[in-house]
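Please open the model in your viewer and keep the sequence panel beside it. The stops below each begin with a selection and then say what is found there.

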Amino acid sequence: DHIDPASLRGLGPDQTLVLINGKRRHQSALVNLFGSRGRGNNGTDLNTIPAAAIERIEILRDGAAAQYGSDAIAGVVNIILKTGVNQGTANVSASTFITGYGRSLKDANGQKIMDGRTDGLITNANVNYGFELKNKGFINVTADYMNKARTLRPNFKTPDESDPRRQAGDAALQNYSLFVNMGLPIKGNTSFYGFGGISHRRGSAYAYTRPAGSSRNVPEIYPNGFDPLIGSKINDRSFSFGIKTKFGAWNADFNATLGANRFNYDVSKTLNTSLGVNSPTQFKAGGFQLSQGIFGVHLNRSLNLLKGLNLAVGTEIRQDQYKIFAGEIGSWKQYPTANDAPGGSQGFPGFQPSDETNQSRVNWGTYADGELDVTKNWMLGTAIRVEKYNDFGWTANWKLASRVKLSDKVAVRGSISTGFRAPSLPQINFSNTFTNVAAGVTSE
């Protein structure tokens with residue numbers, strides 16, 4: 001409902017590594033729990049990156065984990081940002097769904113609802129412009145706005161059905177984002193670069209219908225039942241900066257990348273059944289945050305061996321931090337009642353104090369990569385990467401690859417490699433507790 005993760009090869013989103021300008025992009029704090037694509041995963045949310053800021057996208061698949069480490073088993077998506085100056089673009093677009101049905105939709109009382117409708121209107125507006133700086137430097141700025149109305153896909157089948165899903169469909173979303181990419185020569189072969197952005201998103205998605213006669217309803221508040229709305233407020237921010245220079249024949253890149261993704265939940269058009277008629281109809285339900293800091297040094301050079309040899313070495317240290325924060329007490333507490341009425345906000349129970357956590361992890365990695373053109377038509381490549389996680393342990397991975405050009409239009413390539421994936425901090429530490437009553441027995 002709230003994010004759009006990337007995936008390759010049909011594998012989970014947490015097995016695709018996303019880079020921006022060659023630097024690791026932080027993941028979303030959300031662990032997909034229900035019947036969505038990538039269940040149990042927390043991938044990188046592509047909707048935090050404005051499409052208008054993108055120059056091109058590169059895909060690396062073969063042996064990616066041996067070069068880039070965890071999360072790259074399926075491959076790498078490298079997003080290259082625009083660098084143009086003294087030119088700009090502006091775009092406005094709109095799209096919608098037109099739904100039609102072979103017969104009229106009717107509710108449980110046989111009342112006609114619709115024959116068809118237009119819904120899910122999506123509007124998007126963005127602007128991009130590049131400004132020239134001194135010494136042929138640049139700063140390229142992109143602003144983006146997106147508004148997506150919800151769709152209505154109720155689960156009516158026959159007029160005599162009870163408990164229909166009255167409100168269902170895609171969530172409503174509103175997204176604002178600002179992205180900047182810049183480069184500034186300093187002296188000689190030394191230059192400064194930086195890029196990053198912020199985004200803010202509000203989401204609203206329907207939970208399952210609570211009919212009027214449900215034990216989870218309070219008829220005095222909702223005489224016709226209710227459809228809870230799960231609201232999200234997502235703030236994402238990132239910044240990467242560094243210095244590129246030369247040491248003899250070696251090109252050097254010193255980089256620092258910081259990023260954070262924070263989810264806050266609120267539930268409206270709901271209630272805490274155990275509070276009865278005194279229940280509020282909206283709650284702040286808590287949320288979670290994932291932040292990441294990376295510091296790295298990368299070196300590469302070319303050698304005149306056979307038809308050309310490229311070497312690259314580097315090292316990185318990364319710290320991840322994951323937090324869960326509790327919602328207000330009424331969003332999760334079950335208050336004493338004669339009939340053990342369920343507690344917490346219906347549709348989405350808030351995070352409890354027992355769910356709260358603040359965990360961090362540090363890992364260090366180093367790699368070496370080489371590509372040798374034996375002839376103009378035959379390339380050999382190899383890579384090795386060693387990593388140490390303070391909670392996961394050591395791992396070493398390698399790859400061997402080759403490409404043979406048979407003609408201008410035909411080539412054969414292949415690789416053999418190993419890889420690994422360390423579970424993310426959200427996957428290890430996520431916790432959501434709610435009260436359940438079954439056969440008169442209350443359990444957490």
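Select phenylalanine 263 to begin, and you will find it in strand β11, residues 250-268 (strands are DSSP runs of E of at least two residues, helices are runs of H or I of at least four, and both are numbered from the N terminus). This is a predicted model, in which local features need pLDDT of at least 70 and side-chain atom pairs count only at pLDDT 80 or more, whereas totals for chains, interfaces and linings use all residues. Residues are numbered from 1 along each chain as its sequence is written, and side-chain values use heavy atoms, with hydrogens and water left out.

Phenylalanine 263 is buried, with a relative accessible area of 0%; buried means under 20%, exposed over 50%, and partly exposed in between, with a 1.4 Å probe and protein chains only. Show its surroundings next: leaving aside residues up to four places away in sequence, phenylalanine 263 touches His2, Ile3, Ser28, Leu30, Lys233, Ile234, Gly286, Gly287, Phe288 and Phe325, where contact means heavy atoms within 4.5 Å.

Asparagine 78 is the next selection, in strand β4, residues 75-81. Asparagine 78 is buried, with a relative accessible area of 11%, and a polar atom of its side chain lies 2.9 Å from the backbone nitrogen of glycine 22. Beyond four places in sequence, asparagine 78 touches Leu19, Ile20, Asn21, Gly22, Arg56, Ile57 and Glu58.

Turn now to the charged pairs: a search of the whole structure finds 14 salt bridges, each being a side-chain nitrogen of Lys or Arg within 4 Å of a carboxyl oxygen of Asp or Glu. Select arginine 201 and aspartate 45, which form a salt bridge with the closest N and O atoms 2.9 Å apart. Arginine 201 lies in strand β9 (residues 190-206) and aspartate 45 in the loop between β2 (23-24) and β3 (54-60), so the pair ties together parts that are 156 residues apart in sequence. Arginine 201 is buried at 1% relative accessible area, and aspartate 45 also counts as buried, at 3%.

Go on to arginine 385 and glutamate 316, whose side chains meet in a salt bridge at 3.7 Å, N to O. Arginine 385 is in strand β15 (residues 378-389) and glutamate 316 in strand β13, so this pair ties together parts that are 69 residues apart in sequence. Which of these two residues is buried? It is arginine 385, with a relative accessible area of 6%, whereas glutamate 316 counts as partly exposed at 21%.

Select Asp14, Arg24, Asp71 and Arg421 together to see a network of salt bridges.

Finally, zoom out to the protein chain, which has two helices and 19 strands, and whose C-alpha atoms fill a box of roughly 80 × 45 × 45 Å along the principal axes. Of its 444 residues, 45% count as buried.

Note on methods:
A polar contact is a pair of N or O atoms within 3.5 Å; within protein, one must be able to donate a hydrogen and the other to accept it, and residues adjacent in sequence count only if both atoms are side-chain atoms.
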